[in-house]
Amino acid sequence: MADVQDDVGRELMWDLRALAAAGLITGERVAEAGVALPVAGPYPSLHLNVSECHRKLGDLASAREHLRQARATIGALGDDEYARLIKGGLERVTALPAPSRPAGGR
């Protein structure tokens with residue numbers, strides 16, 4: 001749902017919901033679903049998405065914190081195509097400048 005939002009605030013809301021839902025995933029449920037990704041596997045991507053929303057909203061402290069958490073959990077991923085995609089995303093988001101504020105904005 002986050003990816004189809006036109007408003008960054010709503011996108012962040014959905015990304016935070018996904019992050020909270022990830023905390024409910026257990027190894028048993030992953031095994032039942034036949035998913036090869038470890039339970040901690042979604043966290044790097046989820047934190048990356050939350051970080052990017054915070055960056056777009058100008059909340060750089062929160063953006064940096066979620067980047068830190070994404071980096072801290074990246075070890076849960078292997079060295080496959082998905083892991084390389086997320087690692088590349090981390091590098092791109094880290095290199096992005098803070099968004100410009102409109103003149104007269106807060």
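Visitor: At what angle do H3 and H4 pack, and how far apart are their axes?
Guide: This is a predicted model, and in it H3 (residues 43–56) and H4 (residues 60–73) pack at about 165°, with axes 8 Å apart.
Visitor: So parallel or antiparallel?
Guide: Roughly antiparallel, because angles over 145 degrees count that way. The crossing of H3 and H4 is left-handed.
Visitor: Which residues of H3 and H4 make the contact?
Guide: On H3 you have Tyr-43, Pro-44, His-47, Leu-48, Val-50, Ser-51, His-54 and Arg-55. H4 brings Leu-60, Ser-62, Ala-63, His-66, Leu-67, Gln-69, Ala-70 and Thr-73.
Visitor: How many of those are nonpolar, polar and charged?
Guide: Eight are nonpolar, seven polar and one charged.
Visitor: OK, on to H3 and H5. What's the angle there?
Guide: About 25°, with the axes of H3 and H5 (residues 81–95) 10 Å apart. That makes H3 and H5 roughly parallel, since the angle is under 35 degrees. H3 crosses H5 in a left-handed way.
Visitor: And which residues of H3 and H5 meet?
Guide: From H3, Pro-44, Ser-45, Leu-48, Ser-51 and Glu-52; from H5, Tyr-82, Ile-86, Gly-89, Leu-90 and Val-93. That contact splits into six nonpolar residues, three polar and one charged.
Visitor: Then what sits over the ring of Trp-14?
Guide: The charged end of Arg-17, 4.5 Å from the ring centre.

Notes: Residues numbered from 1 in each chain as written. Predicted model: local features only at pLDDT ≥ 70, side-chain atom pairs only at ≥ 80, totals over all residues. Heavy atoms only, no water. Lys NZ or Arg CZ within 6 Å of the ring centre and 35° of its normal. Axes fitted to C-alpha atoms, helices over the stretch in contact; angles between N-to-C directions. Helix = DSSP H or I, 4+ residues; strand = E, 2+ residues; numbered from the N terminus. Parallel < 35°, antiparallel > 145°, perpendicular 65-115°, else oblique. Left-handed = near helix turned anticlockwise from the far one by under 90°. Contact = heavy atoms within 4.5 Å. Nonpolar A, V, L, I, M, F, W, Y, C, P; charged D, E, K, R; others polar.
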